[in-house]
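Please keep the sequence and the structure in view while reading.

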Amino acid sequence: MKSIAGVLVSIAALWAGQVSAQQSGCLSCHNGIEQFVDGAMHQAIVAMGTVNGDPAGCVTCHGGNPAAADKDAAHSGSPGQLAKAGGPDMFYPDPGAVWIADKSCGQCHAGYAERLIKSLMNTEAGKIQGNLWSWGVQEGMKVVWGNYDLADEDGPTPIVGTQAYKDYMLAFVAAHPDQMPAHMQQIPDVDVEQIPQHPNLAGITYSRQQCQRCHVGVTGREKRGDYRGAGCSSCHVPYSNEGFYEGGDPTIAKDQPGKLLVHRMQGSRKSKVKVGDVEYTGIPSETCNSCHNRGKRIGVSYQGIMEFPYGSPYSSTGGKQPKLHTKNYVFIKDDLHHQVQSRPGNPQGGMLCQDCHTSVDMHGDGNLFGTTLAQVEIECEDCHGTVTKAPWELPLGYGEEHDQDIGDTPRGLSDNLLPEQVFAQMYPPEDGYLLTARGNPYGNVVKKGSKVFVHSASGVDFEVPVLKNIARDGTWKSQNAKVAMGSVGAHIENMECYACHADWAPQCYGCHITVDYSEGKTDVDWITSANAREPNGLTADNPLGTNGLTGPGKVSETRSYLRWEEPTLGINGEGRVSPLMPGCQVITTVIDKDGNTVVHNEIWTAPDGKKGLDHAAVQPHTAGRQARSCESCHNNPKALGYGISGGRFLQGYNAGFTVDLETASGDIIPGQTQVQSQPVRKLTHDLSQIVTREGEELVTIGSHWPLTGPLTAEQRSKMERTGLCMGCHQNMADEDLWAKVNSPAFVNNEQHQGVMDQALHSLADKKAKQQSQ
């Protein structure tokens, strides 16, 4: 057997095309394909491949028969020695497919496949519960369903993480058993015979067909922007939005969408990927958006774009913009962390999703999670701290208190990384690695003196604004910021940072859904496809041009209206004030298999007894340096939950309307006419309104956490300052009094503020004199 050094010399020559086809194994056909990785990982792959008859190392991940002379024979079987060692036992077209990843990626990255299978990236348990809650199918907040039948057989102790993290999670699981299930059932099939008696079961059809394609167990939809691999390949193998291969392998079609962009692994800063003349590191945000473009839409929002129906502006040939994720988009404003350095006025930015989100956030920790807040371990304060405490001075659990006392023991820093973090780019700890809210080290965020630096996987390093330093140095960007964060303690202690700093949130009001079972109608069923797996790990949707297996029923959907500005505020599952956005606001028409309309524009009752027009707490991922204005909350009925302009518009949905010639009393004159807008009988208020001024909750808010809800009556009362101008301007009717304080010239805003400031100081002086007498 050759020495490792000899093997590496041979491999270098092989990839350079200097070895004959008879010696090159898989590369006798795939000559020109990109080397998947570099460095030690590549060395390990080729060493294992050489031992198993493939000097290029392809069989280490893909399996197959490198000695075969034709494609079919080569793409079958696997070297016996490799299979016996726990590697591929057959040919794997996509070695990242999660169902076989323990035998491919897992040869080096042990435990990742198990973690990923149990994570929200695969189960989508939170999405399923949020949907079925609004349809009245879910019975409570206890997590029941996922994409697969799964059980957490090894108990609640995480298989990764520091001891502090494991202790934290054990307590978390005990405190939140409904949100941290020990097992979950596959979302059930729909018996179409039951639809006439239980039409809300159509919500299961809607979920299986429309919502469950975005999990790593499947390859996903064949649409522009949605192309990706399965399992590990979903994130770590680049696919462009167009889905075309742009590498050098002559056997991979370059004119068929659905192919990987190049045969390279994208990951941390050390994994360089070159496409043409462009070289990059890290996982581009658009990779994440092959999934994160629906639901809370955080991926596309992070990029600054929101779906809209128009498709403008026109192209030079008069065409509308191409559909992306089957939608048109308008640019609103991207998150400050996303903004690239080349844009004027943006000295920071250009960060990737992975720069904040940890391995646990993505892969899980071996537990089953029922909702995003259960799996995600990070908070804004982990890096930015508060005005009184640096990040390392905060206790674990800060920012996700869930109405519990978390104490005040400083979390500190870490000098060491977790074992699995050594696979990524390793950075010097400086004074220590910062810790997440649950106690794991950020491998890319370090303390240096009183400063914090984040090393982006993109190759750029950033200094993080630390609030305590800003307060100490007096380097506030505005007086508003100083007052809001430095003087109003309730803002920091009771609110999410993004309650103010989210510039906008996509608000899709009203999800009008028709589920039609008549005439044998069917559509792609992602759960059926996901559970129809081949031994090679691929699911039924993988073959290009198929989109997978179908199930009964055909779904169509639209909405009432879209907004983006000044989202409503409410309470999230952690007990903090947070933006809300329309969740599953389902308004349903169901047609049974015999063509009968069983329900028409029905609004279901959620398990909490409220109308299933959900508003959900959200981290919009649209952060801006300039927070929303004080007035946008304190002088805005919508922010308080009373709806746009206090809910005084869009009051006629429950009646519908007909537009034609009519008398003064409203009688329609023609005999032949049509209803213009069908009635939604239970919709007696604007969809943006969640609560009345009398405190009646009109709709369900949240489906996972008991603390979620509207702002309390006390909070609304303390916040609202609508009509405050009349405190002074009511006196305009008293001409003598007004003449003593009014200026004959126009008074601008700054002068107005000066008058108010003078009045405040005058009142303070008056009270001081009274107290001294």
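## Salt bridges

A salt bridge is taken here as a side-chain nitrogen of Lys or Arg lying within 4 Å of a carboxyl oxygen of Asp or Glu. The model under discussion is a predicted one, and a search of the whole structure finds 30 salt bridges in it. One of them joins the side chains of E714 and K718, with 3.1 Å from N to O. These two residues stand four positions apart in helix α26 (residues 713–719), so that about one helical turn separates E714 from K718. An α-helix has 3.6 residues a turn, so residues three or four places apart point the same way. Both E714 and K718 are exposed.

Elsewhere, salt bridges that share partners link E114, K118, D152 and D154 into one network. Because D154 belongs to the loop between β2 (150–151) and α10 (163–175), while K118 belongs to helix α7 (residues 112–118), the pair ties together parts that are 36 residues apart in sequence. The two partners can also be described by their accessibility: D154 counts as partly exposed at 41% relative accessibility, whereas K118 is buried, with a relative accessible area of 8%.

A further salt bridge is formed by E401 and R576, whose closest N and O atoms are 3.0 Å apart. E401 lies in the loop between α18 and β8, and R576 in the loop between β16 (569–571) and β17 (577–591), so this pair ties together parts that are 175 residues apart in sequence. Are E401 and R576 buried or exposed? Both residues of this pair, E401 and R576, are buried.

## Covered helices and a loop contact

Helix α11 (residues 202–211) is largely enclosed by the rest of the structure, because 10 of its 10 residues are buried. Among the buried residues of α11 are I204, Y206, R208 and C211. Helix α9 (residues 125–134) is mostly covered, with nine of its 10 residues buried; the buried residues in α9 include A125, I128, L132 and W133. Just after α9, G136 adopts a positive phi of about 75°.

The loop between α6 (80–84) and α7 holds S104, which counts as buried because its relative accessibility is 4%. The C-alpha atom of S104 is separated by 8.5 Å from that of G86, a residue 18 positions away along the chain.

## Enclosed and open spaces

Rolling a probe the size of a water molecule over the atoms shows where empty space is left. In this model, a search of the whole structure finds one cavity of 30 Å³ or more, and the largest cavity holds about 60 Å³ of space. Its lining includes Y227, R228, Y239, N241, E286 and T287. By class, the residues lining the largest cavity divide into three nonpolar, six polar and two charged.

The second largest pocket has a volume of about 1600 Å³. It is lined by 30 residues, of which L724, C728, H752, Q753 and M756 lie nearest its centre. The elements that contribute two or more residues to this lining are α24 (631–634), α27 (726–729), α28 (735–741) and α29 (749–772). Which element provides the largest share of the lining of the second largest pocket? That share, nine residues, comes from α29. The lining of the second largest pocket comprises 15 nonpolar, 13 polar and two charged residues.

## A nonpolar surface patch

On the surface, V422, F423 and M426 form a nonpolar patch, and together these residues have about 260 Å² of accessible area. F423 is placed in the loop between α18 (381–384) and β8 (433–435), and its relative accessible area of 35% makes F423 partly exposed. The loop between α18 and β8 is also where E401 lies, so that this loop carries the partly exposed F423 as well as E401, which is buried.

Methods: Residues are numbered from 1 along each chain as its sequence is written. This is a predicted model: local features need pLDDT of at least 70, side-chain atom pairs count only at pLDDT 80 or more; totals for chains, interfaces and linings use all residues. Side-chain values use heavy atoms; hydrogens and water are left out. Patches are made of residues with over 30% relative accessible area and no salt bridge: like charges are joined within 9 Å, nonpolar side chains (Val, Leu, Ile, Met, Phe, Trp, Tyr) within 5 Å. Accessible areas come from the Shrake-Rupley method with a 1.4 Å probe; for residues, only the protein chains shown count as cover. Buried means under 20% relative accessible area, exposed over 50%, partly exposed in between (1.4 Å probe, protein chains only). On a 1 Å grid over the protein atoms alone, a cavity is a set of points where a 1.4 Å probe fits but cannot get out, and a pocket is an open set with protein on both sides within 12 Å along at least five of seven lines; lining residues have an atom within 4 Å of a point. Grid points are joined across faces, edges and corners, and a volume is the space filled by probe spheres set on the points. Ala, Val, Leu, Ile, Met, Phe, Trp, Tyr, Cys and Pro count as nonpolar, Asp, Glu, Lys and Arg as charged, and the others, Gly among them, as polar.
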